[in-house]
2 protein chains.
Amino acid sequence: MAEREVDVLIIGAGPAGFMCANALAQAGIKVKVVDQRPSTVMAGQADGIQPRTIEVFQSYGLAERLLREGNKMILATFYNPGENGIELTERVPDVTAPTARYPYEVTLHQGAIENIFLDSMKAAGVDVSRPMIPTALELDPDKIGDPTAHAVKVVLKHLDPLEGEPPTEVVRAKFVVGADGAHSWVRKSLDIAMEGAQTKYIWGVVDMVPRTNFPDIRTKCVVHSESGSCMIIPREGDVVRLYIQLEGRDAIDATSGRVDKNRFGPHQLLEVARKAFRPYTFDTPDEFHWWTIYIIGQRVASKFSVDERVFIAGDACHTHSPKAGQGMNASMNDTHNLAWKLIYALRGWSGLSLLKTYEFERRKYAQDLINFDVEWAHMFSGKPRTELNQGGVAHADFLRAFQTFGGFTSGIGIHYAESPIVRYANQACAAHVVVGQRMPPQILVCVADYRAVELQDLLPSNTHFKLFVFTGCAPLDALGEAVEGLVVRFGRAVDLFTVLPSELRGLTFMDVPLALRPHWSKVLRDQKDTRGAQGGDAYATFGIDTQAGAIICVRPDGYVGMVAPLDQADSVAAYFSSFMNMD
Amino acid sequence: MAEREVDVLIIGAGPAGFMCANALAQAGIKVKVVDQRPSTVMAGQADGIQPRTIEVFQSYGLAERLLREGNKMILATFYNPGENGIELTERVPDVTAPTARYPYEVTLHQGAIENIFLDSMKAAGVDVSRPMIPTALELDPDKIGDPTAHAVKVVLKHLDPLEGEPPTEVVRAKFVVGADGAHSWVRKSLDIAMEGAQTKYIWGVVDMVPRTNFPDIRTKCVVHSESGSCMIIPREGDVVRLYIQLEGRDAIDATSGRVDKNRFGPHQLLEVARKAFRPYTFDTPDEFHWWTIYIIGQRVASKFSVDERVFIAGDACHTHSPKAGQGMNASMNDTHNLAWKLIYALRGWSGLSLLKTYEFERRKYAQDLINFDVEWAHMFSGKPRTELNQGGVAHADFLRAFQTFGGFTSGIGIHYAESPIVRYANQACAAHVVVGQRMPPQILVCVADYRAVELQDLLPSNTHFKLFVFTGCAPLDALGEAVEGLVVRFGRAVDLFTVLPSELRGLTFMDVPLALRPHWSKVLRDQKDTRGAQGGDAYATFGIDTQAGAIICVRPDGYVGMVAPLDQADSVAAYFSSFMNMD
């Protein structure tokens, strides 16, 4: 039986598996990815990328292609019962999070998104082995404590072996990531329970190029009608996805209690939609690209890891309704959170305990997601309030929920709790840069060449922490001396940037001491660009005093780990020391 | 001897040849490209891409990569003699053209730019045959009048033939483009004279990663010192190009009157620069990437074409100083102008006479360029005005020239004269959209999905004219009927867009008659985007009355061909009919 060693074995090449594999591949980690399907998804499945996830794509250099291939969903529209069927109630921006760098969702079918990752991974020398499934997984208790040991043994089976290829192989991995979907084999083999329940809500989905006179067909449109709810998600090209609420009695097999896909096809789903959309018409399209029916489940895995050696991520650890477009985003952000921590453990930069923060941060998020989903699915699937149904969902309440939850659904508002890598202390010195949230976008100007620089573009997912020294009007030489030790000690894992206030307009980059300018491109100033169009408000926006300054420390995944006053460079060292071994 | 037929043979794979080859390849034209060099340029040569040229790259889908790989040159700085050597006089934006979509120059070495084209061409199935030179060119006088005939015979010689490959081949082409540089074989074989003269100005060039304490090393910096002039061009990565003015007696061989490269090397050039840059220092770099010495010549070819079957383009038809960064831009825009006209002739959409507008438009531009260059080279190479030299060039005059010429050097101000494809009549109905200039950028909002759309992104170089119907408040049904005939007759070559004024805020795209909306994405409105950040000023910016409306017709190369009042759809038909055969 063939046997090989890898650093990380990833089981499942969906959004969670791909995000993980690509991040590890870009960092030069020896990774193997297996998937049971013979190819990437051809149609259907997930399709919505939230504003924060676009920022994450950008941090891996993948946003350009995503934006080129995908559709931008700018507008949300709401229809409710009127005189003659449904009527437009309101059009509002789809994304309400004020700091979103990309104020829209991108919609693109999951296969195209997977291909973006696949091409990026291939450029780094990593491909997916498929179709292939795991058949046994074993943790060696003697090796669990040694991060350099290949502590996990997994037996893999080729479903379609090439001639002469052994049908099974054994992989010994330092870490295993189970990103193998809602029916996760990894989760089951680890005996991890899913906690939560199934709802009573049943929905159908159809992907097609619609033939309709509905004027908001290219918006995210929520329809509450007397004949049930529908939602439109416009997609790449002319494709549109319709979500259609179904009555249980129509779709459920009474004996088994499960969805019976034999009772419904896309034609039947479209027929239900037609009733909801009256007086607008939907002619039968030339073809249906994809369709499905599902019951909303709302569950979270009881744990996300075993001994910090085997992890589960994505649908393997949380299921919820797709209506707020969270599924693929939650999944990818799980492994975006996990990947740099695996790399730190593999490089010996951190101990295994850093990996505990994965479950700590992402399980809480998954629970918040389910709590949100309970409310949201209720409002979504509920009957609209009308004269005859005063107990129904009022549009004003629905809109308020839509906008209140906007920070959460956009991913912008995700807030990690305190831990070794998130220190809330000193928050006041950069009051509006919320520790535990992602670093917001901000235009700065490069002192050497006056280029307008988007701060988020200084945060590539390159496994490094980014230290922004907002100098205020502090004496630069003394400041340079104070941070020099930090850079010497943690420089392998930390990139330093200096941000001068507009008060220091007269300085050139040559006036900044060498300790504060590792490269000419890393000295920035808070000023407007040469057209006066952007920038000049970083200190104010971040709540940093232009005299006192502050240090902002951003994690490798783009989340703010800590902030500190300039005279507490020591606290930054203490922060790094608490989880990094670099003495 | 091998013999083959092609539609277009391009001789020379430099910027002019590549722009032409890529445009033809993207349009599916059968094209052959030969070049005498064994590979793309590895270092040196041209390196500046002007704002208008970036817009042209964008129209071919190539700007993303250009911007990713290149350096953005934002700032121009000026140094003049002071107490102790040179002193900073002023820092100003490098690009002053107010409508420039990209308010900077991109600097990147020529080889990288050539590779952008090469990869794009290869994706369309076209590569460069090299090293290969033409040895004979013959026009068949009996075939010259027939656009479908392969009227030009060229004998090509492989300089490094593969084993078994015949050393020469004969190509019969419908058209030949000579983009073979300042010493153009094609030009000489056609007996076309270069008109103009050589100047007295001699300059050296060095590419290197500098070791300096000069604070404006990442800006376009013009130094007028007591010891001659210098210019800095910052480039990709940390590379910088230095232009260094030389004294004739140091660099010229008295006997031959030519530049003697034996007398100078990069070390000597840097030594001259050091004197000009005092008190700042330039240590000797680890290596010099490239260097050269040249005398500025200012010449234009007496004609750009023979019988509209053989054309010359780029350095083959104009030479001038590189100081305003025009060379590569003029060259690429020559063939950007030529390519769509060749395609129209090849497709039978136009007669050969359309091709006369190439020389008409580009030779006048080349002459303007030389006239500009005479003034500019004088100011650039002249001694600075000081107390002792009151006849020298004053900074204020230099800056005024820099900013006045900015429209021209950026490429934004290029203005083609009247011809069958440029009709100045009716200018008043869209007063600020200058007929004969490139269509300026403008944010519009897509009515169906509220996406902010950059109008220039609706102008891909896809060989089609673009007709923008600014409806004003005219009755839409009547307007639809008026343009329907146009679309039916010229639709193969013309794309139509509708732009509603903000007054028609209540309309959805379904309210626009079908003749005015070939696709949901083509109905736009003059309104702000959902964040209120951009757009909403198109009618005002273009000088179009929001009641009366107007039609703007943009050529396939992005230049405004004509404008018309809404009640003169006939004049648009007359315009197309004057050079298009589509009855």
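1. Conventions. Residues are numbered from 1 along each chain as its sequence is written, while chains are lettered from A and ligands numbered from 1 in the order in which they are written. Since the model is predicted, local features need pLDDT of at least 70 and side-chain atom pairs count only at pLDDT 80 or more, whereas totals for chains, interfaces and linings use all residues.

2. Interface. In the contact between the chains, 21 residues of chain A meet 21 residues of chain B, where two residues are in contact if their C-beta atoms, placed from the backbone, lie within 7 Å. The side of chain A that touches chain B is made up of 11 nonpolar, four polar and six charged residues; here Ala, Val, Leu, Ile, Met, Phe, Trp, Tyr, Cys and Pro count as nonpolar, Asp, Glu, Lys and Arg as charged, and the others, Gly among them, as polar. Of the interface residues of chain A, 100% are also interface residues in chain B, so the copies meet through the same surface.

3. Symmetry. Chain A is superposed on chain B by a rotation of 180 degrees with 0.0 Å of shift along the axis, at an RMSD of 0.0 Å, and the two copies are thus related as by a two-fold rotation axis. The superposition is by least squares on the C-alpha atoms of residues with pLDDT of at least 70 in both copies. The residue of chain A that comes closest to this axis is A:Glu64, whose C-alpha is at 4.1 Å.

4. Domains and annotation. Chain A is assigned domain 1 (2-70 + 107-194 + 302-360), domain 2 (196-298 + 373-409) and domain 3 (427-577), with bounds that come from an automatic or database domain assignment. The centres of domain 2 and domain 3 of chain A, taken over C-alpha atoms, are separated by 47 Å. Separately, an unreviewed UniProt entry carries the annotation "domain: Phenol hydroxylase-like C-terminal dimerisation" over residues 414-581 of chain A; UniProt positions are given in the numbering used here, feature names are shortened, and annotations may be inferred rather than shown by experiment. In the model, the span 414-581 of chain A is 17% helix and 20% strand, and its end C-alpha atoms lie 28 Å apart. Helices (H or I, at least four residues) and strands (E, at least two) are DSSP runs, numbered from the N terminus.

5. An open sheet in chain A. Three strands of chain A form an open sheet in the order β3-β7-β4, with antiparallel pairing, where two strands pair if DSSP finds at least two bridges between them. The edges are held by β3 (48-49) and β4 (71-73) of chain A, each with a single partner strand, so one side of each is left without a neighbour in the sheet. Three bridges join β4(A) to the antiparallel strand β7 (residues 105-107) of chain A, and A:Asn71 stands opposite A:Thr107 in β7(A).

6. Strand β1 of chain B and its partners. Strand β1 (residues 2-11) of chain B pairs in the parallel sense with β11 (residues 168-178) of chain B over nine bridges, and B:Glu5 stands opposite B:Arg172 in β11(B). Four bridges also join β1(B) to the parallel strand β2 (residues 31-34) of chain B, with B:Ile11 opposite B:Val34.

7. B:Val31. This residue lies in strand β2 of chain B and counts as buried because B:Val31 has 26 C-beta neighbours inside 10 Å; the cut-offs are 20 or more other C-beta atoms within 10 Å for buried, 12 or fewer for exposed, and partly exposed in between, with C-beta atoms placed from the backbone. Leaving aside residues up to four places away in sequence, the residues that B:Val31 touches include B:Val6, B:Asp7, B:Val8, B:Leu24 and B:Val126.

8. Backbone points to inspect. Most residues other than glycine have a negative phi, and most peptide bonds are trans. A cis peptide bond with omega of about 15 degrees joins A:Arg278 and A:Pro279, and A:Pro279 lies in the loop between α7 (266-277) and β17 (282-283) of chain A. In chain B, the bond from B:Arg278 to B:Pro279 is cis as well, with omega near 15 degrees. A:Asp307, not a glycine, has a positive phi of about 55 degrees and lies in the loop between β19 (305-306) and β20 (310-312) of chain A; with 14 C-beta neighbours inside 10 Å, A:Asp307 counts as partly exposed. B:Asn426, also not a glycine, has a positive phi of about 70 degrees, and with 17 C-beta neighbours inside 10 Å B:Asn426 counts as partly exposed.
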